Amino acid sequence: MLNREITVFSSLEYLSRAAAKKFTEIARTKISHKDSFAVALAGGSTPKSLYKLLADENEPFRTSIEWEKVSFFWGDERCVAPDSDESNYRMAKETLLQPLGIPTENIYRWKSELDPATAAADYEKLLRLYFNAAEGIFPRFDLILLGMGADGHTASLFPQTDVFAKNSNLVAAPLVEKFGTHRLTLTPQVINSAENIIFQVAGQDKANALREVLEGEKQIENYPSQIIDPPDGNILWLLDEAAAQNLTINRSYENVSGSLKR
Ligand code: 6PG
């Protein structure tokens with residue numbers, strides 16, 4: 001791991017603003033170096049305020065990035081139609097992609113309307129093609145955005161599911177017992193190949209799992225977010241006070257607090 005940083009904010013609003021600044025910084029750097037930027041978006045609810053900030057005409061981010069050079073992927077997806085209100089694609093389309101006018105050819109969604117195995121195989125093929133990644137090679141995203149559930153899952157790497165095997169797969173379609181459905185997800189190997197990872201974790205309900213993930217014993221099967229540890233990448237944890245309340249790191253109570261480099 002190149003750099004691991006944890007920063008705690010007094011609210012989701014300040015957390016999201018910090019995420020937008022970091023997203024913009026990484027995107028501008030990558031676009032200046034290679035004229036492209038490949039990002040895997042997170043689903044759920046936490047990232048909505050980041051996406052709205054990035055697309056907001058009254059904020060500086062929208063005009064700071066050459067959006068036509070950005071390719072959008074998803075770290076995971078539910079096995080639902082793309083217009084379902086459960087769809088991570090739909091959430092990002094409504095809060096980010098449509099407001100920015102992102103062309104379809106820059107949007108690489110999971111075909112989650114297909115059966116899980118077919119959708120997974122299709123995304124694996126899409127990733128290998130885009131990143132020119134032959135068998136045994138893992139795509140290196142410029143940035144992967146992640147959230148964390150109250151059970152310590154991230155993307156769709158859930159506790160006690162068969163997603164932790166070390167293999168050359170880029171994606172998985174695990175059956176998640178508690179939902180009684182399959183999910184679609186990038187594998188830990190692909191996530192850990194990223195150059196930059198930003199976790200956004202907010203809310204009281206995450207506090208217990210977050211302490212286990214960041215400061216507890218290694219129990220990957222119980223707290224899958226522990227597996228996210230990019231050997232050749234930067235990982236930034238952006239937390240709000242409520243989620244960070246059980247952590248031992250020092251923090252001030254202003255909008256942006258000190259960060260802890262490990
Ligand atoms: C999903 C996400 C998932 C999410 C966490 C946190 O498909 O739901 O990818 O991993 O990031 O469940 O969700 P919230 O941000 O809604 O708390």
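Tutor: Start in helix H1, which spans residues 12–34: Glu25 and Lys22 both sit there, three residues apart, or about one turn of the helix. (Helices are DSSP runs of H or I with at least four residues, strands are runs of E with at least two, and both are numbered from the N terminus.) Keep in mind that this is a predicted model, where local features need pLDDT of at least 70 and side-chain atom pairs count only at pLDDT 80 or more, while totals for chains, interfaces and linings use all residues. Residues are numbered from 1 along each chain as its sequence is written, and side-chain values use heavy atoms, with hydrogens and water left out.

Now, what do those two do? Glu25 makes a salt bridge with Lys22, and their closest N and O atoms are 2.9 Å apart. The term means a side-chain nitrogen of Lys or Arg within 4 Å of a carboxyl oxygen of Asp or Glu. Side chains of opposite charge can pair when their charged atoms come close. As for cover, Glu25 is partly exposed at 44% relative accessibility, and Lys22 is partly exposed too, at 27%. (Under 20% relative accessible area is buried, over 50% is exposed, and in between is partly exposed, using a 1.4 Å probe and protein chains only.)

By that salt-bridge rule, the count comes to 17. Another of these joins Glu86 to Arg78, with 3.4 Å between the closest N and O atoms. Here Glu86 is partly exposed at 43%, whereas Arg78 counts as buried at 17%.

Next, look at Asp122 and Lys111, whose side chains meet in a salt bridge at 3.4 Å, N to O. Asp122 belongs to helix H4 and Lys111 to the loop between H3 and H4, so this pair ties together parts that are 11 residues apart in sequence. Asp122 is partly exposed, with 22% relative accessible area, and Lys111 is partly exposed at 36%. Salt bridges can also join up: Asp35, Glu66 and Lys69 are linked in a network of them.

On to the rings. The whole structure has 14 aromatic pairs. One of them is Phe73 with Tyr108, a stacked pair that is 4.7 Å centre to centre, with 10 degrees between the planes. (Rings of Phe, Tyr and Trp, taking its six-membered ring, pair if their centres lie within 6.5 Å; planes under 30 degrees apart are stacked, over 60 edge-to-face, and the rest tilted.) This pair links distant parts of the chain, 35 residues apart: Phe73 is in strand S3 (residues 70–74), and Tyr108 is in the loop between helix H3 (88–100) and helix H4 (116–131). Phe73 is buried at 0%, but Tyr108 is partly exposed at 21%.

Phe199 and Trp237 stack as well, at 3.8 Å centre to centre and 5 degrees between the planes. They too connect distant parts of the chain, with Phe199 in strand S9 (residues 196–201) and Trp237 in strand S10 (residues 234–240), 38 residues apart. Phe199 is buried at 0%, and Trp237 is buried at 2%.

Back to Phe73 and Tyr108: together with Tyr130, Phe131 and Phe141 they form one aromatic cluster. Finally, a charge meets a ring: the charged end of Arg109 sits over the ring of Tyr89, 5.6 Å from its centre. "Over" means NZ of Lys or CZ of Arg is within 6 Å of the ring centre and within 35 degrees of the ring normal.
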